Amino acid sequence: MRSYSLIAPAKINLYLEILGDRPDGYHELVMILQSIELADRIDLRATGTDTILVHCDSPQVPTNQTNLAYRAAELMAKQFPSVFAKFGGVEITIEKQIPVAAGLAGGSTDAAAVLIGLDMMWQLGLTQPELQDLAAQLGSDVPFCLAGGTALATGRGEQLTALPGLDSLYVVLAKDQNLMISTPWAYQTYRAQFGHTYVRDVESLEARAYRVHSGPMVQAIYNKQAVQVGPLLHNDLEKVVLPTTPQVLQLREAFASTGTLGTMMSGSGPTVFALAESEAQAQEIRQKVRAVITDPDVEFWVTRFTNRGIQVVSSVS
Ligand code: C5P
């Protein structure tokens with residue numbers, strides 16, 4: 001039976017600016033996204049049946065039709081019915097390392113791995129634009145997760161411009177395992193509070209996105225001046241999450257007091273990250289924050305930037 005094993009990295013947002021509303025109900029964004037080495041492992045096994053099955057070692061992850069990895073397989077089966085009929089169903093096993101509902105695109109990256117794995121398993125030979133198009137149907141972060149690395153993202157987050165990698169930086173992540181923030185809630189609350197500032201015409205939207213594209217963070221990335229990225233970190237969603245979620249604010253303040261290169265909430269949270277120049281500095285930051293935040297429910301990870309997206313680690317055909 002055919003089987004594939006893939007590594008699916010998480011992402012952090014180095015920059016997230018909300019520009020305005022879109023006709024499809026989403027927001028126009030401009031973001032700078034970065035893959036990190038913290039990753040899930042996805043095993044796909046052809047079963048020869050007509051069903052899609054998901055297993056996951058984390059009890060927090062649903063294994064039914066609401067799981068984005070399931071939905072990725074379902075989308076592929078619908079899109080390519082004759083190939084699905086020929087090769088049959090698939091068993092998807094997710095070994096979870098990325099915290100769930102954390103603002104790190106854990107579900108999105110698992111779905112991206114399923115798209116790439118099934119493309120190979122079903123010998124479809126899809127092009128990158130075809131895979132990106134399927135990815136965008138599953139969620140705004142899935143196209144980035146397919147490609148990985150460092151990218152500027154506009155539109156809903158699905159229009160990507162690759163940027164050169166900054167793989168020298170380390171990242172400390174912290175998340176309260178009991179805390180989950182709904183992404184729709186974060187965006188809706190932002191709209192309610194800041195909707196009056198939204199840009200409404202296409203020219204202004206393009207100008208704002210261009211300002212980031214030609215701005216200091218992208219310059220620092222092009223010039224490989226990794227340490228300059230820290231003070232430029234930005235996330236508009238902090239404006240609604242920090243005032244309402246004291247645990248996130250506390251983590252953010254604890255990280256800021258450690259002499260880190262920079263600290264920010266990732267995506268819609270609740271994960272907070274801090275950047276460091278070396279693994280030793282990252283470990284020191286982790287220890288300093290742990291000394292202040294002793295709640296055992298707050299978990300820490302030390303990882304680093306990676307230039308890679310989904311990787312296939314083994315295949316048996
Ligand atoms: O695309 P995804 O399913 O990841 O988005 C989750 C939710 O986040 C959406 O339902 C929407 O409420 C919000 N969102 C948004 N604008 C974006 C991306 C996400 O409003 N560009």
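Is Glu28 buried or exposed? At 18% relative accessibility, Glu28 counts as buried. The legends below accompany close-up views of a predicted model.

**Figure 1. A network of salt bridges links Arg22, Asp24 and Glu28.** In one of them, Asp24 forms a salt bridge with Arg22, and the closest N and O atoms are 3.0 Å apart. In the other, Arg22 forms a salt bridge with Glu28, with 3.1 Å between the closest N and O atoms. The residues of the network can also be described by their accessibility. Arg22 has a relative accessible area of 17% and is buried. Glu28, at 18%, is likewise counted as buried. Asp24, with a relative accessible area of 40%, is partly exposed. In the model as a whole, the count comes to 11 salt bridges.

**Figure 2. Asp40 and Lys96 meet through their side chains in a salt bridge.** The distance from N to O in this pair is 2.3 Å. For Asp40, the relative accessible area is 0%.

**Figure 3. Asp40 of strand β2 is shown together with Ala10.** The two residues are separated by 30 residues in sequence. In space, their C-alpha atoms are 7.9 Å apart.

**Figure 4. The ligand sits in the largest pocket of the model.** Strand β2 and helix α6 (183-194) are the elements that give two or more residues to the shell around the ligand. The largest share, 3 residues, comes from α6. The residues around the ligand are Tyr26, His27, Leu29, Gly139, Ser140, Arg156, Thr183, Pro184 and Tyr187.

**Figure 5. His27, Ser140 and Arg156 are among the residues around the ligand, shown here with their polar atoms.** A nitrogen atom of the ligand lies 2.8 Å from a backbone N or O atom of His27. For Arg156, a backbone N or O atom is placed 2.9 Å from a nitrogen atom of the ligand. Ser140 contributes a polar side-chain atom, which lies 2.6 Å from an oxygen atom of the ligand. Taken alone, the ligand exposes 450 Å², and the protein buries 76% of that area.

**Figure 6. The peptide bond from Gly269 to Pro270 is cis.** Its omega angle is near 5°. Pro270 is located in the loop between β9 (262-265) and β10 (272-276).

**Figure 7. Ala101 has a positive phi value in a residue other than glycine.** The phi angle of Ala101 is near 50°. With a relative accessible area of 37%, Ala101 is partly exposed.

**Figure 8. Gln123 has a positive phi although it is not a glycine.** The angle is about 50°. Gln123 is found in the loop between α3 and α4 (128-138).

**Figure 9. Gln250 of helix α11 (residues 246-256) is shown together with Ala274.** Along the chain, Gln250 and Ala274 are 24 residues apart. The C-alpha atoms of the pair are separated by 14 Å. Gln250 counts as partly exposed, at 44% relative accessibility.

Definitions and conventions
Residues numbered from 1 in each chain as written. Predicted model: local features only at pLDDT ≥ 70, side-chain atom pairs only at ≥ 80, totals over all residues. Heavy atoms only, no water. Salt bridge = Lys/Arg side-chain N within 4 Å of Asp/Glu carboxyl O. Buried < 20%, exposed > 50% of the residue type's maximum accessible area, 1.4 Å probe, protein only. Near = heavy atom within 4 Å. Polar contact = N/O pair within 3.5 Å; in protein donor to acceptor, adjacent residues only side chain to side chain. Areas by Shrake-Rupley, 256 points an atom, 1.4 Å probe, with all protein chains shown as cover. 1 Å grid on protein atoms, 1.4 Å probe; cavity = no way out; pocket = protein on both sides within 12 Å on 5 of 7 lines; lining within 4 Å. Sits in = over half its atoms within 2 Å of the grid points. Helix = DSSP H or I, 4+ residues; strand = E, 2+ residues; numbered from the N terminus.
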